[in-house]
Amino acid sequence: MIVNAELYVKDLPGQLVGSLEPISVVDGNILGVVHNRERIVNHRICINITFEAEDDQLERLKAIWKSKDIIISKIGTAYETFTMDYMLIGDIDARYIERLINKASTIADLDGVEVSYSSKTGDYSKRTGMLSVKTKSQEDLDKLDGFLDDECRRSGITYVRGV
Amino acid sequence: MRVFICGFGTVGQGFCEVLAARRQFLIDRYGEPVTVVGAMDSKTYAYNPNGFDPLELVSVKQGTGRVGTETYQDSVEVLSGAEFDILVEVSPTDVKTGGAGLRNIEYALGNGKDVITVNKGPLALKFRHLIDLAESNGCCLRFEGSVGGAMPIINLCRDNLAGERIESIRGIFNGTCNFILSKMDTGQPFEQVLKEAQQMGYAETDPTNDIEGYDSACKVVILANAVFGRDVTFNDVRITGITSITEDAISLAASHNMVIRLIGEVSESKLEVGPRLVPRGHPLGISGTLNTAQILSDLAGPVTVTGRGAGRIETASAILSDLISIMDERARRR
């Protein structure tokens, strides 16, 4: 997994390297380092590191940093998200969309869904809803696209996806 | 070089005008003129083995409504009685059966004549059969103007991007739909914009082929076969038209800084035509009657081309490029 950590190290020579070495010790792969010399708290300098590591090595890494008197102020996982917008036009309402999203989430791993509606028209058969979906992989988006396309065709709803 | 033109409507007449305008260029390049020996409209034909003045043919058609004085029942019978080298097949398209255009092309290729066509029906229905027929008879079949009018795409992919692995092509292949959808961006309802498009000559009296996505689907089929080497027909395309796109849908898209455009999409696995949400400023978000295509290839990345997808001279320009390609090929063989 990809991890982002914010560390505070003593403002002494060799501290930056000292904070990076433990990542190699746990077989991690450093993706980016920001040495933020402007952010000094209690004579310590802020370092922001993004790296790849195995889940089960994270506790070991934190223990090594602590043993080296490195303060971990923030640590969390970061990952790439894939987003796509979908518009549905037809006889739809909030309950229909909710059911659709629930069903979709059994097919693809959805990281987040935002739904908006347009309610200008009084014609129930021409309601418009828009789904902005985030997933963790392109594969999930492809699965979702296939699912929505099929469902909408079955229900006589016009399906418009993003490019 | 003797040319027979089947179909003498807007495009056929435009091609005659372009031939007249480029007469000297063609003589300089090939050392011989391109002569129109025959022309055929829906009811009549004119044939002269010594050739016509192409502008005179246009003038006769515009003056009398007919290109010739002889009438016919079977276009293939007319072609079989004529001596020519290249058939320019620009008769009205028939996406259900291929119509007379398909029979004309089959006759010409079967008899070793090169063919240039912008007629989408025969290509969307019988592409592989026509290519095989051309190959087995040692002649050329060119159809650049059948997709995107003056916008170069087929020859661009096959010649300029020949070393690339083309992953996908997606684009706006119907100017009428793009005119309607971009007018709807300003708040006009579909029916009103369609009427306006008809009044301005952008849409046919029966606009079904355009607004239901059938015209774009034909072009997607041609690209799939010609560029991706697939063997697909019109019936393989997943088609959604634009008739159900409402003002509400347009304004909801706008509130997310997007527009809706009818996009054709083709790749090794995809063959689709449908309305798509396009971010404002994206190359596929263009307005008006223009056509555009985005070609995604492994080395060059995305390449985008834009141009006029229809029109008398614009389509004739694509036919001219095919004519030059065939004449270059003939010169190489000599």
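## Confidence and conventions

Chain B of this predicted model has an average pLDDT of 94, and 100% of its residues score at least 70, where pLDDT is the predictor's confidence in each residue, from 0 to 100. The model as a whole scores ipTM 0.75 and pTM 0.79.

Because this is a predicted model, local features need pLDDT of at least 70 and side-chain atom pairs count only at pLDDT 80 or more, whereas totals for chains, interfaces and linings use all residues. Residues are numbered from 1 along each chain as its sequence is written, while chains are lettered from A and ligands numbered from 1 in the order in which they are written.

## Chain B: overall form

Chain B contains 13 helices and 13 strands, these being DSSP runs numbered from the N terminus, with helices (H or I) of at least four residues and strands (E) of at least two. Its radius of gyration, 20 Å, is close to the 20 Å that the globule rule gives for 334 residues, so chain B is as compact as a globular protein of that length; the radius is taken over C-alpha atoms, and the rule is 2.2 Å times the number of residues to the power 0.38.

Along the principal axes, the C-alpha atoms of chain B fill a box of roughly 65 × 45 × 35 Å. Of its 334 residues, 49% count as buried, which requires 20 or more other C-beta atoms, placed from the backbone, within 10 Å of the residue's own.

## Chain B: two domains

Chain B is divided into domain 1 (2–150 + 313–333) and domain 2 (154–308), with bounds that come from an automatic or database domain assignment. The centres of the two domains, taken over C-alpha atoms, are separated by 27 Å, and the contact between them takes 17 residues from domain 1 and 17 residues from domain 2, two residues being in contact if their C-beta atoms, placed from the backbone, lie within 7 Å.

On the domain 1 side, the elements that give two or more residues are helix H6 (120–136) and helix H13 (312–333) of chain B, and H6(B) gives the most, with six residues.

## Chain A

Chain A has four helices and eight strands, which run β-α-β-β-α-β-β-α-β-β-α-β from the N terminus on. The C-alpha atoms of chain A fill a box of roughly 70 × 30 × 25 Å along the principal axes, and buried residues make up 28% of the 163 residues.

Conventions:
Buried ≥ 20, exposed ≤ 12 C-beta atoms within 10 Å, placed from the backbone.
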